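Reader: I am new to this structure and would like to understand the words used for it. Could you take me through them one by one?

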Amino acid sequence: MSKFLNLDDPETDPKPQNNAVIGGGLKKKKAKAPRPPTDKAAVARAGQAHGFTRSTTPERTPETPRRGRPPLNEAMTYWRIYIAPELRDDLNALRDTEGRRLNDLLRDMLEAYKAQKS
């Protein structure tokens with residue numbers, strides 16, 4: 001019995017001799033070299049040496065300079081001035097204890113100075 005386009009004809013399409021399934025190698029996983037587990041404490045110590053922690057709580061370090069942005073929708077001008085380090089430390093301490101911006105402290109000092117002059 002002959003069929004049209006007989007795809008199972010052993011004369012034209014012989015089966016592989018090793019009976020391997022085509023694409024069977026794709027399912028095999030390659031063996032990976034075993035790795036020792038990481039020492040999380042050593043990784044944390046190495047990160048802390050460079051100022052990095054995995055903590056999500058904000059932490060202020062005294063070595064870093066203070067940086068801040070003016071609030072939105074308020075006209076502010078960047079003005080670079082030179083002051084004595086002791087004065088800067090006193091102003092920063094006053095600002096931190098009262099929770100006010102340095103701009104507000106300077107405004108109050110100017111008003112007090114003008115009131116004293118008049």
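Author: A salt bridge is a side-chain nitrogen of Lys or Arg within 4 Å of a carboxyl oxygen of Asp or Glu. A search of the whole structure finds 1 salt bridge. This is a predicted model, in which local features need pLDDT of at least 70 and side-chain atom pairs count only at pLDDT 80 or more, while totals for chains, interfaces and linings use all residues. Residues are numbered from 1 along each chain as its sequence is written, and side-chain values use heavy atoms, with hydrogens and water left out.

Reader: What makes the pair R107 and D104 a salt bridge?

Author: The side chains of R107 and D104 meet at 3.5 Å, N to O, and the cut-off is within 4 Å, so the pair is counted as a salt bridge. R107 and D104 are 3 residues apart in helix 3, which separates them by about one helical turn.

Reader: Why is R107 called partly exposed?

Author: Buried means under 20% relative accessible area, exposed over 50%, and partly exposed in between, with a 1.4 Å probe and protein chains only. R107 has a relative accessibility of 43%, and therefore counts as partly exposed. I83, with a relative accessible area of 38%, is partly exposed; I83 lies in the loop between helix 1 (40-49) and helix 2 (85-98).

Reader: How do you know how many helices the protein chain has?

Author: Helices are DSSP runs of H or I with at least four residues, strands are runs of E with at least two, and both are numbered from the N terminus. By that rule the protein chain has 3 helices and 0 strands, and its pattern along the sequence is α-α-α.

Reader: What makes the length of helix 2 agree with its number of residues?

Author: The expected span of a helix is 1.5 Å times one less than its number of residues. For the 14 residues of helix 2 this should give 20 Å, and because its end C-alpha atoms are 20 Å apart, the two values agree.

Reader: Which residues of helix 2 are buried, and why are they said to line one face?

Author: The buried residues of helix 2 are L91, N92 and R95. Seen down the axis of helix 2, these buried residues fall within an arc of 100° (taken from the directions from the helix axis to the C-beta atoms), so they line one face of the helix. They pack against helix 3 (102-117), where contact means heavy atoms within 4.5 Å. The face turned away from the buried side of helix 2 carries the exposed residues E86, D90 and T97.

Reader: Why is helix 1 said to lie largely in the open?

Author: Of the 10 residues of helix 1, the number buried is 1, so helix 1 lies largely in the open.
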